[in-house]
Amino acid sequence: SPKAVRWIKEVVAQKLDNQIALLTTLMPEDFELQQILKTTIRKITDYKNKILKLDGEVVSDIAPSLRGWEGAATKVYFEFLGKIVPQKYKFEGRSQNPAKDLFNCMLNYAYGILYGRIEGALIKAGIDPYVGVFHRDDYNRPVLVFDVIEIFRVWADYVVLNLCFQEAIGEESYSIKEDGSYWLENLGRRIVIQSMNDYLDEIITMNGIERTRLTHIELYAQKLANMFGKM
């Protein structure tokens, strides 16, 4: 329905706003990087505005354009992050299953933790996580989690960036397989898990409500359940 179109546009727009908010905290001292950062923020803002202007009766009407603009925004976002992390964590774009570098190895694991928390929040709110709105093509997978996580991905991004800046993951925390893929070992997994849990347990104010980040995820799931109930 048009309500689903409005909702998924809001979700992706919020994701891009969150990316911009994180980028604005990373102003580097290097003048050239400062200019690249400003250009990156300008591009993401432009992509967000294009997304907000999309119009359709059902999600499939806007899906190709939405994927294109969101993908382009995310690409330039990670291109900049790859330029500012310490040399050991440098990367060229996102890589998944498997990760081709240490940054993506850490980020994939952090996203996995976030997936689990969001799926639990949806179930707690009485929502079937296997019924997606935008991500609907993966059979027998909790596709609604893939929709909702877009709002909260920046939290995992922030945690992993800080682990990189602190150079918290040493050589004993990960391994590189023969195919060049990176995998966290027990120590590395423990560091990422603890860092994510500490961050999600931190109390922040969102929408005038002071709660832990994990509770804010649960409150969002409850709000989503109410919205679905009125459709």
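A salt bridge is counted here where a side-chain nitrogen of Lys or Arg lies within 4 Å of a carboxyl oxygen of Asp or Glu. The model is a predicted one, and it holds eight such salt bridges. In one of them the side chains of Lys-15 and Glu-70 meet, with N and O 2.3 Å apart. This pair links distant parts of the chain, since Lys-15 belongs to helix α1 and Glu-70 to helix α3, 55 residues apart. Both Lys-15 and Glu-70 are buried.

Two other salt bridges are found within single helices. In helix α2, which covers residues 31–53, Asp-46 and Lys-50 are four residues apart and therefore separated by about one helical turn, and their side chains meet in a salt bridge of 2.7 Å, N to O. Asp-46 is partly exposed, with a relative accessible area of 35%, and Lys-50 is likewise partly exposed, at 29%. In helix α3, Glu-79 and Lys-75 are also four residues apart, about one helical turn, and the closest N and O atoms of their salt bridge are 2.6 Å apart. Here Glu-79 counts as partly exposed at 34% relative accessibility, whereas Lys-75 counts as exposed at 52%. Elsewhere, salt bridges that share partners join Lys-15, Glu-70, Glu-150 and Arg-153 into one network.

Asp-101, in the loop between α3 and α4, is buried yet has no salt bridge, and Arg-94, the nearest side chain of opposite charge, is 6.9 Å away. A polar atom of the Asp-101 side chain does, however, lie 3.3 Å from the backbone nitrogen of Phe-103. Leaving aside neighbours within four places in sequence, Asp-101 is in contact with Lys-90, Phe-91, Gly-93, Ser-95 and Tyr-182.

Returning to helix α1, we find Val-11 there, buried with a relative accessible area of 2%. Beyond its neighbours within four places in sequence, Val-11 is in contact with Asp-147, Glu-150, Ile-151 and Tyr-220.

Tyr-220 leads on to helix α7, where the buried residues are Arg-213, His-216, Ile-217, Tyr-220, Ala-221 and Leu-224. Seen down the axis of α7, these buried residues fall within an arc of 145 degrees, so they line one face of the helix. The face turned away from that buried side carries the exposed residues Asn-226 and Gly-229. Among the elements that cover the buried residues of α7 are the helices α1, α4, α5 and α6, together with the strands β3 and β4. The 17 residues of α7, at 1.5 Å a residue, should span 24 Å, which agrees with the 24 Å between its end C-alpha atoms.

Notes. Residues numbered from 1 in each chain as written. Predicted model: local features only at pLDDT ≥ 70, side-chain atom pairs only at ≥ 80, totals over all residues. Heavy atoms only, no water. Expected span 1.5 Å × (residues − 1). Buried < 20%, exposed > 50% of the residue type's maximum accessible area, 1.4 Å probe, protein only. Arc of directions from axis to C-beta. Contact = heavy atoms within 4.5 Å. Lys, Arg positive; Asp, Glu negative; His and termini not counted. Polar contact = N/O pair within 3.5 Å; in protein donor to acceptor, adjacent residues only side chain to side chain.
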